[in-house]
Every structure is written in structure tokens, then in C-alpha cells.
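Student: Could you walk me through how to read a few features of this one? I'd like the general idea, then the case at hand.

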Amino acid sequence: ESKCNETIEVPATENESPSVKKNIEMTNVDVNEDKESVPLTIVSWNISSAESSRVAPDPSLRSREAPRLIREEILRLQPDVIALQETGYPSFGEETFTPFGYVSIGSQTALHTDEYIDLLVKKELANGARQIALQPFQAIALPAVAGVLILKNRTRIAIASLHLPHTKEAAKFRNVLCGAIMDQLTSQNCDGIILTGDFNMRGFEDKTTEQLCGGKWKDAWKTVTNDDKETKFTWNSRENMYHGPENFKWTCRLD
């Protein structure tokens with residue numbers, strides 16, 4: 001029922017920061033050969049306000065159970081970082097995961113929905129973490145929450161949870177917003193940068209996105225699927241009928 005269905009592992013190097021477009025990933029960050037490699041597990045999930053699927057047998061029961069199911073699925077992966085999109089209210093992430101050892105970096109509304117974006121980190125990472133105060137772009141609040149993490153090997157990682165506008169016609173606007181977020185994360189002079197969340201991007205936007213802000217961005221999902229057209233999509237409404245069986249059936253790389 002969700003947009004979340006995979007766990008992936010991608011190496012990152014000093015010159016290749018992963019621009020993550022998949023809803024769950026495991027990213028090994030090794031940005032400096034002089035430092036011992038440290039695994040960093042990231043879960044990113046558009047939870048759609050924890051609402052029931054249109055095809056759920058009992059939508060009312062499913063809606064009541066959804067927050068617990070989402071929490072249990074995320075905690076099963078024991079992530080270091082939790083990036084959420086489309087939470088129903090700003091403190092959802094904090095209320096749901098603080099009792100289990102996570103600290104919220106902050107929350108922010110998206111531009112095309114009243115729902116929220118959240119970014120949480122394990123308590124062990126929170127001691128050295130700080131929120132990046134993203135500055136508005138042309139008076140527009142950027143639809144992202146970002147922070148700087150310091151890993152056990154002293155590697156500094158800038159990371160953002162984002163949610164970009166969803167229509168095909170908004171491609172140019174997504175490009176501008178993504179570039180503005182990248183610029184501000186790059187200005188933190190960290191060892192590596194990770195963007196994760198709901199990009200809502202179509203395949204034709206890949207190349208321009210990867211060349212933003214100096215280029216050298218690495219799309220983690222394309223890497224692990226070897227660009228295989230049969231597996232590289234992240235949304236498959238032929239099988240995932242979250243929005244109902246009457247909707248158009250298609251596959252696309254949206255996230």
C-alpha cells in the first residue's frame with residue numbers, strides 16, 4: 001500500500017555524493033580513504049498521512065493501524081536517519097519515534113500539499129547534529145528539512161529530506177528547487193551530501209538534476225539497478241493500487 005518497498009546499498013566516494021531518489025535506502029558513506037568506512041542506514045518514506053489504501057479491505061481499521069505499522073516497519077531496519085514526507089502534522093515524527101531513541105531535526109511543509117516533511121536521527125548521532133537553516137529561494141520556503149551529521153569516524157554529512165511538487169508540468173520548478181537545496185547543502189563544506197525524499201521526478205529530468213550545483217551527483221537507485229528498465233522505476237501502479245484500481249496503470253521513476 002505504500003511507496004516504500006526496497007532496501008538498497010550504495011557506495012559513496014569523496015567526489016560522488018548520492019542524490020537519492022528511492023524511498024528506502026542503505027548508503028555506505030566512505031568519503032575519505034584516511035577514515036575508516038562507517039555504514040549509514042537511511043529510511044525515507046512518503047507515508048501519505050498514514051492514510052489507508054483505496055483497496056484496503058477495511059479502510060477504517062487500516063487507518064487506525066497505519067501509524068503503528070509504519071513505525072514497526074521503519075524500526076525493523078534500525079536506521080540511523082529517518083526521512084518522512086507527507087506526515088499529517090508537524091510533530092508526527094517526533095511523537096512516533098522519540099520513545100525509540102530518535103531526535104527530530106525539524107519539520108517543514110511542502111509547497112503543493114499541507115502535509116509535512118520531517119528528518120530524524122538516532123540519539124547517538126543527535127549530539128553532534130545540527131539543523132541547516134535553509135534560506136528561502138526568491139521568497140519561497142524550500143520544501144525540505146536539512147541537517148549536518150558527524151559520524152563516528154568524524155565524517156561530516158549534510159543530509160536533507162525533501163518533497164518536490166508532483167505534476168509533470170512542474171519539472172522546471174523541481175529543477176530550480178532541487179538546485180537551491182543542493183546549493184545550500186554544498187555551502188556547509190561537508191565531506192559528503194545526501195538528498196533523499198519524494199522528488200516526484202520523471203526519467204527525462206535525470207541528467208539535468210545530476211548536473212546541478214557542479215555536477216558529480218550520483219543517483220543511488222539507478223546505480224543499484226544498473227539502469228535496468230525493468231527494475232529502475234520506483235512507482236508501479238500496476239501492482240501497487242494505493243490510489244484505487246480504476247486509476248491509470250503505469251510505471252515511473254518518481255522518487
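**Reading contacts, cores and salt bridges**

Tutor: Start with a polar contact of 2.8 Å between the side chains of S48 and Y242. By polar contact I mean a pair of N or O atoms within 3.5 Å, where within protein one must be able to donate a hydrogen and the other to accept it, and residues adjacent in sequence count only if both atoms are side-chain atoms. Keep in mind that this is a predicted model: local features need pLDDT of at least 70, side-chain atom pairs count only at pLDDT 80 or more, and totals for chains, interfaces and linings use all residues. Residues are numbered from 1 along each chain as its sequence is written, and side-chain values use heavy atoms, with hydrogens and water left out.

Student: Is S48 buried or exposed?

Tutor: Buried means under 20% relative accessible area, exposed over 50%, and partly exposed in between (1.4 Å probe, protein chains only). S48 comes out at 15%, so it is buried. Its contacts (heavy atoms within 4.5 Å) include Q85, E86 and E115, not counting residues up to four places away in sequence.

Student: How do I read a nonpolar core?

Tutor: In soluble globular proteins, nonpolar side chains tend to be buried together. The term covers buried Ala, Val, Leu, Ile, Met, Phe, Trp, Tyr and Cys residues joined through side-chain atoms within 4.5 Å. Here the largest such core has 23 residues, and C178, L185 and L195 have the most contacts inside it.

Student: Which helix gives the most to this core?

Tutor: That's α4, with 6 residues. Helices (H or I, at least four residues) and strands (E, at least two) are DSSP runs, numbered from the N terminus. Among the elements covering the buried residues of α4 are β9, β10 and β11.

Student: And salt bridges?

Tutor: Look for a side-chain nitrogen of Lys or Arg within 4 Å of a carboxyl oxygen of Asp or Glu. The structure holds 6 of them. One joins E205 and R174 at 2.8 Å, N to O. E205 lies in the loop between β11 and α5 and R174 in helix α4, so the pair ties together parts 31 residues apart in sequence. Both E205 and R174 are buried.

Student: What about one inside a single helix?

Tutor: An α-helix has 3.6 residues a turn, so residues three or four places apart point the same way. E72 and R68 form a salt bridge, with the closest N and O atoms 3.1 Å apart. They sit 4 residues apart in helix α1, about one helical turn. E72 is partly exposed at 39% relative accessible area, and R68 is partly exposed at 31%.
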